[in-house]
Amino acid sequence: MAEFASNKYYSIAAKTSGRLLTVIGDNCTENGGSIELWSNAGTENQQWKIIALGDGFFKIINRYSEKAVDITFGGTQDGSWIHQWDYTAADNQIWSISDCSDGCCKIKSKFGGKCLDVVGMSQSDGATCRSGA
């Protein structure tokens with residue numbers, strides 16, 4: 001099981017592109033702010049606090065907005081969009097993070113068991129994040 005320091009911020013990178021999970025746009029401090037993958041800019045909207053909740057689950061909070069990674073409308077199906085929202089402790093904002101043998105981690109939603117995924121396995125800036133198998 002992955003472990004994280006509660007007083008540290010982390011970058012979350014896609015395995016295939018190395019681009020970072022980023023809250024973007026004019027609404028980057030509001031509920032519903034888009035989360036996409038972008039090249040490392042070293043900014044707070046690309047930094048995440050990963051906070052243990054017990055039983056192997058975590059909440060993931062953006063440093064800039066102080067909002068949680070959230071699956072839209074509590075989606076349980078592949079393709080549900082990922083955005084940010086005030087933390088409510090709903091299962092669509094709670095994640096398990098497991099170590100993989102290649103040094104990467106798998107981030108999986110408690111609600112529906114879907115993984116944090118990239119639309120079309122895009123390796124470009126602006127790639128959209130979603131839930132997937």
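This is a predicted model: local features need pLDDT of at least 70, side-chain atom pairs count only at pLDDT 80 or more; totals for chains, interfaces and linings use all residues.
Me: What makes the approach of the Asn 62 side chain to Asn 45 a polar contact?
Reply: A polar atom of the Asn 62 side chain lies 3.0 Å from the backbone oxygen of Asn 45, and the limit for such a pair of N or O atoms is within 3.5 Å. The side chain of Asn 62 also reaches the backbone nitrogen of Tyr 64, at 2.9 Å.

Me: Which residues is Asn 62 in contact with, once its neighbours within four places in sequence are left aside?
Reply: With those neighbours left aside, the residues in contact with Asn 62 are Val 23, Glu 44, Asn 45, Gln 46, Gln 47, Trp 48, Lys 67 and Gln 84, where contact means heavy atoms within 4.5 Å.

Me: How do you know whether the radius of gyration of the chain agrees with that of a compact globule?
Reply: For 133 residues a compact globule would have a radius of gyration near 14 Å, and because the chain has 13 Å, the two agree. The C-alpha trace spans about 35 × 30 × 30 Å along its principal axes, and buried residues make up 39% of the 133 residues.

How values were computed:
Residues are numbered from 1 along each chain as its sequence is written. Side-chain values use heavy atoms; hydrogens and water are left out. The radius of gyration is taken over C-alpha atoms; the globule rule is 2.2 Å times the number of residues to the power 0.38. Buried means under 20% relative accessible area, exposed over 50%, partly exposed in between (1.4 Å probe, protein chains only). A polar contact is a pair of N or O atoms within 3.5 Å; within protein, one must be able to donate a hydrogen and the other to accept it, and residues adjacent in sequence count only if both atoms are side-chain atoms.
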